[in-house]
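Let me bring up the model and jot down what I look up.

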Amino acid sequence: MFLIHNKPEQADLLASALVAVHRPDNKWYVPAQENLAHTLFLKLLKKDIDFNSQPAISPEEVAKILNFSNERTELLELLVAFEMLCSPIPKKLEYEIEKWANILDVNSDVLTVSRELADNAINNATTDFYRLNWIGEGDHQDDPIFKELVNKYGNQAYGLCIKEDLKEFEKWNNLQFCPSGSLGETLWHFYNKRGFKLPGQLGAGNASLAHHDWIHVIAGYDTTPIGELEVTAFMASSSEYKGVTLGFIGAISILETGLLHSFFGADKFPKSLTTGDGISRVSEAINRGKSCLVDPLKIDFFEIASSPLKEIRCTWWNK
């Protein structure tokens with residue numbers, strides 16, 4: 001989960017770590033990092049920090065203060081998220097984050113993918129991104145049939161229907177017959193309005209990828225580039241699934257710099273985070289995820305597809 005276990009009283013510590021890694025010699029690697037830092041800390045940790053005067057801190061000092069592994073992991077993930085604004089990733093920054101990971105004794109899938117991107121091993125990074133994030137977690141990776149699909153079709157097997165499945169298609173297409181105003185009917189119109197294929201159709205998103213479309217509908221996020229960043233940010237702060245933070249951080253790279261590739265062509269929309277009100281919207285999505293009362297990736301949405309969408313939203317935010 002993203003920025004969940006780090007507490008507001010730790011804001012200065014986290015800010016000093018961010019400065020030490022991403023603002024060496026009093027200069028950010030990318031100007032947008034300053035705006036992202038200020039907005040995240042103000043909205044999520046309720047601390048208005050002047051990052052131009054914030055002192056740096058060493059990883060050794062941080063290791064003495066942060067005693068819990070989840071706090072250390074979330075700090076490292078924060079550092080990597082800011083790294084995703086860089087293209088290419090400077091070697092100095094790569095080495096610095098590796099040093100922090102070693103001293104904090106953090107080993108994360110997020111770090112695996114970021115190191116591959118830093119070394120320009122884009123194909124490996126793309127494979128590991130889809131294999132290890134929430135999409136890949138939903139696939140039956142141990143199934144011999146699925147393994148064969150990956151071997152034959154590559155990374156696309158992790159998120160796309162590369163073989164027609166009429167039974168799966170009918171399951172999703174029948175959502176149109178759910179009661180008016182229900183979650184299922186709304187999702188069906190969500191697909192139909194955008195001209196999206198339904199899971200089971202050749203070239204559509206598979207059931208694992210499509211799971212997050214229910215969240216799009218309930219949380220009200222669009223399928224624009226910034227909408228995809230919002231929904232992945234929301235998931236990263238609301239779910240305990242191992243791959244949700246990687247999904248969000250990888251989406252930053254795909255939709256901000258295009259350094260990490262997407263088999264949906266999403267990397268053709270650069271600067272989606274740092275253009276307009278993107279940073280503010282993503283920060284707010286993280287906040288909404290933190291206040292969510294359910295884990296959206298643990299829900300079988302077909303079981304509640306006939307329920308009114310308004311009632312479901314009330315159970316997520318108790319209002």
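I began with the second largest cavity, which holds about 30 Å³ of space. I worked with a cavity as a set of points on a 1 Å grid over the protein atoms alone where a 1.4 Å probe fits but cannot get out, with lining residues having an atom within 4 Å of a point. The volume is the space filled by probe spheres set on the points, which are joined across faces, edges and corners.

A note on ground rules: this is a predicted model, where local features need pLDDT of at least 70 and side-chain atom pairs count only at pLDDT 80 or more, while totals for chains, interfaces and linings use all residues. Residues are numbered from 1 along each chain as its sequence is written, and side-chain values use heavy atoms, with hydrogens and water left out.

**Cavities**

I searched the whole structure and found 2 cavities of 30 Å³ or more. I took helices as DSSP runs (H or I, at least four residues), numbered from the N terminus.

**Largest pocket**

Next I looked up the largest pocket, at about 880 Å³. A pocket is an open set with protein on both sides within 12 Å along at least five of seven lines. Which of its 30 lining residues are closest to the centre? I wrote down D139, H140, N206, A207 and S208. At least two lining residues come from each of α8 (134-138), α9 (144-153), α10 (166-173) and α12 (207-219), and α12 gives the most, with 4. The lining has 16 nonpolar, 6 polar and 8 charged residues.

**α13 with α14**

I came back to α14 for its packing with α13 (residues 225-238): the axes come within 8 Å and cross at roughly 160 degrees. That makes α13 roughly antiparallel to α14 (angles over 145 degrees). Axes are lines fitted to C-alpha atoms, for helices over the stretch in contact, with angles from 0 to 180 degrees between N-to-C directions. On the α13 side I noted P225, E228, L229, T232, A233, M235 and A236, and on the α14 side V244, T245, G247, F248, A251, I252 and L255. Contact means heavy atoms within 4.5 Å. I sorted these residues into 10 nonpolar, 3 polar and 1 charged.

**α2 and its two partners**

How far apart are the axes of α1 (residues 11-22) and α2? I read 12 Å, with a packing angle of about 170 degrees, so α1 and α2 are roughly antiparallel to each other. A11, L14, A15, L18 and H22 in α1 meet Q33, A37 and F41 in α2. This contact has no charged residues, with 6 nonpolar and 2 polar.

Turning to α15 (residues 278-291), I found its axis within 9 Å of that of α2 (residues 32-44), crossing at roughly 30 degrees. The two are therefore roughly parallel to each other (under 35 degrees). From α2 I listed A32, N35, L36, T39, L40, K43 and L44, and from α15 I279, S280, S283, I286, N287 and K290. These divide into 6 nonpolar, 5 polar and 2 charged.

Notes. Parallel < 35°, antiparallel > 145°, perpendicular 65-115°, else oblique. Nonpolar A, V, L, I, M, F, W, Y, C, P; charged D, E, K, R; others polar.
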